[in-house]
Amino acid sequence: RWHNMRISVLSTGHHMDVRNIADNAVHIVMSNFNEKTLKDAGEEKHIAVGPGQTFGDITEFVRDETYGEWAIATGADSTVGPYGWATGGGHGYLSRLTGLGADHVVSMRVVLTNGRVVTASEHRHKELFRSLRGSGGSAYGITVSITFRLHPTPEKVTTFLGAFFPQSPEHSAAIMQGYHNFISQAPKEAGGYYLTLGAIPGNPVFIVSFCYGDDCDQHISKVSGLPGCVPGLLPGNCQQNNTDSYYNLVNALAPSAGGNQYTISASVSADKALQLIQTTTEWVVRPETIPITKFCTQSSVLGGKMKELDVDGEQT
């Protein structure tokens, strides 16, 4: 402050456009803030984590320490970190079932711009807590620890991972429409992602869909039955799979999702899903320098718990 210098902060560095590094600034790297501490809170179970952790490490820790009985809601990619995810809203495999990432935050320990260290929660520093959850917390201070609420691990998971290579505008439109039909009518127990490298013939489109519980086949079949899926490209590709644990879903998708970054990552209401996919697919052109593991667009559709608001505003 005395020298009028900017500060930039990097947690895990999950950015394609390196927005976490500013020119001519003091750069703070949070990689050594790697706390992972489980806490009992009455009937609930919480975990305090440092912003230098990735969700891949945190998920594995929660699974091992709770014997698979509890799960943490995370981003869809294992390299995503908890801080940027939660302060930006946060969506992932459990979002439609349990809510956005910001909904799971119990408290945050923050170093404010005046040097004070405070713990913000629903009971202390409530205005700061509300500001941090979903608005991007770097404007208010540097968070050194985040406590999340855990959830009982879902059982009976049905998944479908499909890789498609549209060869014509008509084929591309059929894939988009099929995914829209699935996600726009899906209950809170079902969700998915539509990932693309842009509207260039031959570029792949990936559809990831999942559903928890017994009544899943009728929902997943709307995407598993789409024409043109290319088998063998990814493990379990083009197959509808049934498993008995959420952690099997995470393990199955980790090889295909690890390291993905996006130029556009958007969340929309179900009635706008098709419009979003069409618009972003037409706009994005994949540069040859972008590896195939880095997608240009990824879209999550709001629904289920992600659309439930607290009328009193205390937890929204």
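**Ground rules**

I am working on a predicted model, in which local features need pLDDT of at least 70 and side-chain atom pairs count only at pLDDT 80 or more, while totals for chains, interfaces and linings use all residues. I number residues from 1 along each chain as its sequence is written, and side-chain values use heavy atoms, with hydrogens and water left out.

**Entry: strand β8**

I took helices (H or I, at least four residues) and strands (E, at least two) as DSSP runs, numbered from the N terminus. Strand β8 covers residues 141-149, and seven of its nine residues are buried, so β8 is largely enclosed by the rest of the structure. For me, buried means under 20% relative accessible area, exposed means over 50%, and partly exposed lies in between, with a 1.4 Å probe and protein chains only.

Next I looked up the neighbours of β8, calling two strands paired if DSSP finds at least two bridges between them. Strand β6 (residues 105-112) pairs with β8 in the antiparallel sense over seven bridges. Strand β4 (residues 44-49) also runs antiparallel to β8, and here I noted four bridges.

**Entry: helix α1**

Helix α1 spans residues 55-65, and I noted Phe-55, Ile-58, Thr-59 and Val-62 as buried. These residues cover an arc of only 100° around the axis, which puts them on the same side of α1. The arc is taken from the directions that lead from the helix axis to the C-beta atoms. After α1 comes Tyr-67, with a positive phi near 55°.

**Entry: positive phi in two loops**

A reminder to myself: most residues other than glycine have a negative phi. His-125 has a positive phi near 50°. I located His-125 in the loop between β7 (117-121) and α4 (126-135), and at 38% relative accessibility it counts as partly exposed.

Lys-156 went on my list too, with a positive phi near 55°. Its loop lies between β9 (151-152) and β10 (157-164). Lys-156 is partly exposed at 46% relative accessibility.

**Entry: disulfides**

How many disulfides does the structure hold? I found two, taking a disulfide as a pair of cysteine sulfur atoms within 2.5 Å. Counting bonded cysteines along the chain, I get the pattern 1-2, 3-4.

Cys-211 is joined to Cys-216, with 2.2 Å from S to S. The torsion about this S-S bond is about -75°, so the disulfide of Cys-211 and Cys-216 is left-handed. Cys-211 is buried at 1% relative accessibility, and Cys-216 is buried at 1% as well.

Cys-229 is joined to Cys-238, with 2.0 Å from S to S. I noted -95° about the S-S bond of Cys-229 and Cys-238, a left-handed link. Cys-238 is partly exposed at 23% relative accessibility.

**Entry: a nonpolar patch**

Last, I turned to the surface, where Met-5, Ile-7 and Val-26 form a nonpolar patch with about 280 Å² of accessible area together. Of these, I placed Val-26 in strand β2 (residues 25-29), and its relative accessible area of 37% makes it partly exposed.

For the patch I used residues with over 30% relative accessible area and no salt bridge, joining nonpolar side chains (Val, Leu, Ile, Met, Phe, Trp, Tyr) within 5 Å and like charges within 9 Å. A salt bridge is a side-chain nitrogen of Lys or Arg within 4 Å of a carboxyl oxygen of Asp or Glu. The areas come from the Shrake-Rupley method with a 1.4 Å probe, and for residues only the protein chains shown count as cover.
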